Amino acid sequence: MKRTFTPRRLIGAVIGVVVVSGLAACGGGESEAGSGSALTVNTSFVVKSLDPGAVYEPTGNVVVHALYDTLVTFEGDDVSTPVPDLAESYEASPDATTFTFTLDQDAVFSDGSPVTSADVVFSLNRLKNLKGSAAAIVTNLSFEAPDERTVVVTSSVPDPSVPSMLTMPATGILNSKVAKEHGGDDSADAASTDKLTSYLNNTAAGSGPYVIESFDAASRIVLSANPKYWGEKPAFPRVVFQNMDVQNQKLTMSKKPDASVAMDLSGSSLDGLPGELQQTSSPNTYYQLRLSQDPSVSKVTSNHDFVQALRAAMDYDGIAAIFGEGGQPAAGDVPTAFAGALPASEAQKQDLTKAKELLAASGVGDTPVKLLYPALTFGGVDLGTIATKVQADAAKAGIKIELDPAPIASFLEQRKGGKVALSFSPQSFDYPVATVEVSDLMPGGGAAEAAGWTEENADPETVAAAQKALSTFDPAEQATAIQDWQRLMLQHSPFITLAYNSGVVVASPDLSDATFTAAGWTLDVADIGRK
């Protein structure tokens, strides 16, 4: 929403985890385009719940962001600086461990009651204690309410990115009185005692611009404008999310409907769309090969020369081309949507001569290696197409790869076990700051652990560079440190980033501010208006 904020002090940056997000196309539906009062959002549903304490999936994040305000947020497609939302201002301690938020006294929930610091503490403690996937965002945080308008967030480790963490839809603030009346619990054992989710799937208990009109996770979600919203009223009184596969999204948008958005058209599915349609994107997703460094898992992939041979064998430009206009050959581990990305001039290049020399030096011969990947379409591209390209590129250097597609659930389970020699997947950030990537890939992080990459077998200079990136608080200096870390990762890490890609928001010509954002919610429906 376009809201006038009071003067504030702002800081940026973040740390966290990386996830795999699988998108599955679903059934079609009739568009409400042209109804006059409704905005239609066509998307392939990936949603389990509209409870902010449980939300983690792409569709759920878009909807929950419209239902629940957070302490801070991002404006439009700018993910560099958190701006006030429920908090009119905040301050950070010099050591980046304590963050003090002052709530906007005008903020009210959809029942008209004021938003208080007690509501914030309840909501964030509940998120943490539910111990769902999104709880990782606040694992290191604790929360206090010294008075009705003040919230103090303390991090157990110095971390200037805490405000960015608190933009995510999962940190949406609940009306604690309503929540408790319907089974909500923020105690340490909330994972077993909380009974609120089923209520929140039908009734929003937040202060956001919209409330729930109806929710069917298989076909349709309808929101209506919150009549007591305390900020600028959204332009559309209703928003209708329709579960629609990519083919039907393209067919619908090709008819140039009024007041309509499609969220899953990318790659070749964008070909042939009418030129009048609006398209926005920002490369925020990366595609990565992961090679186990544990010799007990694979003596081949744990061989440093083999890793570098495979890195040199990849045709980065050719892989990026598969994604269409939104694809970019990878320079490092951080996509270009985020501060700290390496410049395009440093994009990786295929060098088959070097690859063959490194393969010979490795001494592993022509032992084949299985490439595990999720058998799904993501970002408009069949991942099997990418895996086949990787196999073909490797073969040109004499590297033998056998493809091993798996359903997404099986893929995640296998890779989580840390016994996979070579795997491939799309990756995206849980929240939009590059240090989240550093934390995940450095020894001790989740991805590094799953790849058997430890401080004992990692390059010390690379580990030190990661630590410097995480401990540098000045945004400009931190971006430089992240770039330095990536250049070392290209020499020493078991991760090969192939290409960057972006989701794309396709909007009808009559809409304004229907903009893709690299923030966790992809599209802010409350921002969208008519031209």
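Helices in this description are DSSP runs of at least four residues, numbered from the N terminus. The model is a predicted one. Under this numbering, helix α10 covers residues 352–362 and is followed by Gly 363, a residue whose phi is positive, near 75°.

The buried residues of α10 are Ala 355, Leu 358, Leu 359 and Ser 362. Because these residues cover an arc of only 105° around the axis, they lie on the same side of α10. An α-helix has 3.6 residues a turn, so residues three or four places apart point the same way. On the other side of α10, Thr 353, Glu 357, Ala 360 and Ala 361 are exposed. The partner of the buried residues of α10 is α8, formed by residues 304–313, against which they pack.

Two packed helices are described by the angle between their axes and the distance between the axes. For α8 and α10, the angle is about 165° and the axes are 8 Å apart. Since angles over 145 degrees count as roughly antiparallel, α8 is roughly antiparallel to α10. The crossing of these two helices, α8 and α10, is left-handed. On the α8 side, the contact is made by Asp 305, Phe 306, Gln 308, Ala 309, Ala 312 and Ala 313, and on the α10 side by Leu 352, Lys 354, Ala 355, Leu 358, Leu 359, Ala 361 and Ser 362. Nine of the residues in the contact of α8 with α10 are nonpolar, two are polar and two are charged. By class, the contact of α8 with α16 comprises two nonpolar, four polar and one charged residues.

From α15, the contact involves Glu 461, Thr 462, Ala 465, Ala 466, Lys 468 and Ala 469, and from α16 it involves Gln 478, Ala 481, Ile 482, Trp 485, Leu 488, Met 489 and His 492. Eight nonpolar, three polar and two charged residues make up the contact of α15 with α16. The C-alpha atoms of Ala 476 and Ala 339 are 8.6 Å apart in space, although the two residues are 137 residues apart in sequence.

Elsewhere in the model, Asn 129 is found in helix α2, which covers residues 117–130. Asn 129 is buried, with a relative accessible area of 15%. With neighbours within four places in sequence left aside, Asn 129 is in contact with Asp 186, Ser 187, Ala 188, Ala 190 and Ala 191. In the loop between α2 and β7 (141–147) lies Lys 131, a residue other than glycine with a positive phi, near 60°. Lys 131 is exposed, with a relative accessible area of 56%.

A positive phi, of about 55°, is also found at Ala 96, which is not a glycine. Ala 96 is placed in the loop between β5 (87–92) and β6 (98–103). The relative accessible area of Ala 96 is 4%, and the residue is buried.

Another loop, between β9 (210–216) and β10 (220–225), holds Ala 218. At 56% relative accessibility, Ala 218 counts as exposed. Residues up to four places away in sequence not being counted, Ala 218 touches Phe 45 and Asn 243. The C-alpha atoms of Ala 218 and Lys 48 are separated by 9.4 Å, the two residues being 170 residues apart along the chain.

Definitions and conventions
Residues numbered from 1 in each chain as written. Predicted model: local features only at pLDDT ≥ 70, side-chain atom pairs only at ≥ 80, totals over all residues. Heavy atoms only, no water. Contact = heavy atoms within 4.5 Å. Nonpolar A, V, L, I, M, F, W, Y, C, P; charged D, E, K, R; others polar. Buried < 20%, exposed > 50% of the residue type's maximum accessible area, 1.4 Å probe, protein only. Arc of directions from axis to C-beta. Axes fitted to C-alpha atoms, helices over the stretch in contact; angles between N-to-C directions. Parallel < 35°, antiparallel > 145°, perpendicular 65-115°, else oblique. Left-handed = near helix turned anticlockwise from the far one by under 90°.
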